[in-house]
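Welcome! Here is a short briefing to read alongside the sequence and the 3D view. Take a moment to look at both before going on.

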Amino acid sequence: EAALGPRHPGVATDQNTLGFTYMMRGDYADAAQRFRTALAISEAIPDNERRSAIYQADLGYSTGLGGDIASGVRLIRAALESFRAQGEIDYGEVTSALEKLGDLQRRSGEFAAALATFEESDAVYREHLKTAPSEWHARTLIGIGRTLADRRDDDGRAERQRAGRAAVGRG
């Protein structure tokens, strides 16, 4: 920061990376603060909507994991609107945000909403990200399986697991 200045895009990237580090440790408050800083820097940079939406989705996820699921969901939905409004849609980031949203919905017990969100992500993979690494798509399929398991839908879970294995080439 000292070399680049406090409003440099590289500082925003560093803050976002630190946010992920805190989030992985379960320190959601510090993670959210880092994501907020990254978002504030990013929003001050012209024509930086994509990066801002990424940081906003990350902030939403850490906020939700920290206990404020409603605010987290609102932030992620706003990020999704921003991604979809861009001239060139980054479908990889759309699916990432959908996976975060679905996970928060699942954690809050909104199983129907979570399932719909993960299925939307699955459709994006199938339509727009056919050549993406299978590990990316697996996160969506795991989200579907967890949602069905949490909902106690054993028949649906088994069906999705078979479909997931087939989708990642382990049929």
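The accessible surface of the protein chain comes to about 9,100 Å², and carbon and sulfur atoms account for 48% of that surface. Please keep in mind that this is a predicted model. The notes below go from the overall build to a few residues and their charged pairs.

**Overall build**
- The protein chain has 8 helices and 0 strands, so its elements read α-α-α-α-α-α-α-α from the N terminus on.
- Of the 171 residues in the protein chain, 43% are buried.

- Q56 is part of helix 3, which covers residues 49-65.
- Is Q56 buried or exposed? Its relative accessibility is 16%, so Q56 counts as buried, the cut-off being under 20%.
- Beyond its neighbours within four places in sequence, Q56 is in contact with L39, L75, A78 and A79.
- D47 sits in the loop between helix 2 (28-43) and helix 3, and with 73% relative accessibility it counts as exposed.
- The phi angle of D47 is near 55°, which is a positive value in a residue other than glycine.

**Salt bridges between separate parts**
- Side chains of opposite charge can pair when their charged atoms come close.
- The whole structure holds 9 salt bridges.
- One of them joins the side chains of D90 and R50, at 2.8 Å from N to O. D90 lies in the loop between helix 4 (69-85) and helix 5 (91-107) while R50 lies in helix 3, so this pair ties together parts 40 residues apart in sequence.
- Both partners are partly exposed: D90 has a relative accessible area of 21%, and R50 has a relative accessibility of 32%.
- E120 and R84 also meet through their side chains in a salt bridge, at 2.4 Å from N to O. Because E120 belongs to helix 6 (residues 111-128) and R84 to helix 4, the pair ties together parts 36 residues apart in sequence.
- E120 is partly exposed at 35%, and R84 is partly exposed at 41%.

- The side chains of D122 and R126 form a salt bridge at 2.9 Å, N to O. These two are 4 residues apart in helix 6, so about one helical turn separates them.
- D122 counts as buried at 7% relative accessibility, whereas R126 is partly exposed at 42%.
- A network of salt bridges links D103, R106, R107 and D150.

How values were computed
Residues numbered from 1 in each chain as written. Predicted model: local features only at pLDDT ≥ 70, side-chain atom pairs only at ≥ 80, totals over all residues. Heavy atoms only, no water. Buried < 20%, exposed > 50% of the residue type's maximum accessible area, 1.4 Å probe, protein only. Areas by Shrake-Rupley, 256 points an atom, 1.4 Å probe, with all protein chains shown as cover. Contact = heavy atoms within 4.5 Å. Salt bridge = Lys/Arg side-chain N within 4 Å of Asp/Glu carboxyl O.
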